[in-house]
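Trainee: I have a model open and want to learn to read it. Could you take me through it feature by feature?

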Amino acid sequence: MSRTQEPRAAARRTRSILLTVTVAAAAAATAALWVTVLGIPQTGVPAETRAVGASGRIAEGASVLAEIPAVTNLDPRLRTALRRAATDAADDGVELAVNSGWRSSDYQEQLFREAAEKYGSDEEARRWVARPGASVHEAGDAVDIGPSTATAWLAEHGASFGLCRIYDNEPWHYELRTDAVAHGCPPTYADPTDDPRMQR
């Protein structure tokens, strides 16, 4: 490592440590909220509240370091690439947030039903949400990133981490393509209905 690279590497390590501490502090604050404001210990959190996190649902964008199923159940290689990218994005003043990651099959079913209702048919819904059993989110192989500054940053820099946009109509949806580091990302599909994996 050259002398010019050392300060940047040290700054990255410091930011990574600070991010880890921030996530831990947020988790502790949440636990304290349950006890002091709501009057119930964390173990007494209502079942429906626990089920939200257990399903992979994220109420708002989460840190790439968050200890929640949507992040921790991602494929470890994808999670590592995502965290490395987040560290470099932070150097450029951009924050990567996870809007959706791993999902349970029940949650995928719920999302598909909601999309079918919104778009008027199962066929139209498939352009935006995969059927349960076909979604790469269920395998922990996909992540939806926000906000738009983050997706713009990944569009430019993601390939160097193996993170590739897969669908033209979903600029937030990224998957790991390790060959992209050397060869760039493969061509995108117009939408999930063009993806052979979604034909199951």
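Trainee: Where in the protein is confidence lowest, and where is it highest?

Mentor: Start with the score. pLDDT is the predictor's confidence in each residue, from 0 to 100. This is a predicted model, so local features need pLDDT of at least 70, side-chain atom pairs count only at pLDDT 80 or more, and totals for chains, interfaces and linings use all residues. Residues are numbered from 1 along each chain as its sequence is written, and side-chain values use heavy atoms, with hydrogens and water left out. Now the case. Confidence is lowest in helix 1 (residues 5-36), with a mean of 43. It is highest in strand 3 (residues 163-167), at 98. The protein has a mean pLDDT of 81, and 74% of its residues reach 70 or more.

Trainee: Over which residues does pLDDT stay under 50?

Mentor: Residues 16-51. For that stretch the model has 23 contacts beyond four places in sequence. Contact means heavy atoms within 4.5 Å. Among contacts in the protein with a separation of 6 or more, 57% join residues 24 or more positions apart.

Trainee: How many helices and strands does the protein have?

Mentor: First, the assignment. Helices (H or I, at least four residues) and strands (E, at least two) are DSSP runs, numbered from the N terminus. Here there are eight helices and four strands. Their order from the N terminus is α-α-α-α-β-α-α-β-α-β-β-α.

Trainee: What should I look for in the largest nonpolar core?

Mentor: Buried means under 20% relative accessible area, exposed over 50%, and partly exposed in between, with a 1.4 Å probe and protein chains only. By that rule, 38% of the 200 residues in the protein are buried. A nonpolar core is a set of buried Ala, Val, Leu, Ile, Met, Phe, Trp, Tyr and Cys residues joined through side-chain atoms within 4.5 Å. The largest one has 26 residues. Leu-82, Leu-96, Val-98, Ile-145, Leu-154 and Leu-163 touch the most other members. Two or more residues each come from helix 3 (69-72), helix 4 (76-91), strand 2 (142-146), helix 7 (148-157) and strand 4 (170-176). Helix 4 gives the largest share, six residues.

Trainee: Which residues is Leu-82 in contact with, beyond its sequence neighbours?

Mentor: Set aside neighbours within four places. Leu-82 then contacts Val-64, Leu-74, Leu-96, Val-98, Val-143, Ile-145 and Leu-163. Another core, of nine residues, lies apart from the largest one. Its members include Ala-134, Ala-142, Tyr-167 and Ala-180.

Trainee: Is Ser-104 buried or exposed?

Mentor: Ser-104 is buried, because its relative accessible area is 15%, under the 20% cut-off. Ser-104 sits in the loop between strand 1 and helix 5. Not counting residues up to four places away, Ser-104 touches Ser-55 and Glu-138.

Trainee: Where is Glu-138 found?

Mentor: Glu-138 is in the loop between helix 6 (122-125) and strand 2. Glu-138 counts as buried because its relative accessibility is 18%. Its contacts beyond four places include Trp-102, Arg-103, Gln-108 and Arg-131. Also compare chain and space: Glu-138 and Leu-74 are 64 residues apart along the chain, with their C-alpha atoms separated by 9.1 Å.

Trainee: What joins Gly-146 and Pro-147?

Mentor: A cis peptide bond, with omega about -10°. Pro-147 is in the loop between strand 2 and helix 7.

Trainee: Which residues are closest to the centre of the second largest pocket?

Mentor: Grid first. On a 1 Å grid over the protein atoms alone, a pocket is an open set of points where a 1.4 Å probe fits, with protein on both sides within 12 Å along at least five of seven lines; lining residues have an atom within 4 Å of a point. A volume is the space filled by probe spheres set on the points. The second largest pocket holds about 510 Å³. Of its 24 lining residues, Arg-103, Leu-111, Trp-128, Val-129 and Asp-144 are closest to the centre. Helix 5 gives the most to the lining, seven residues.
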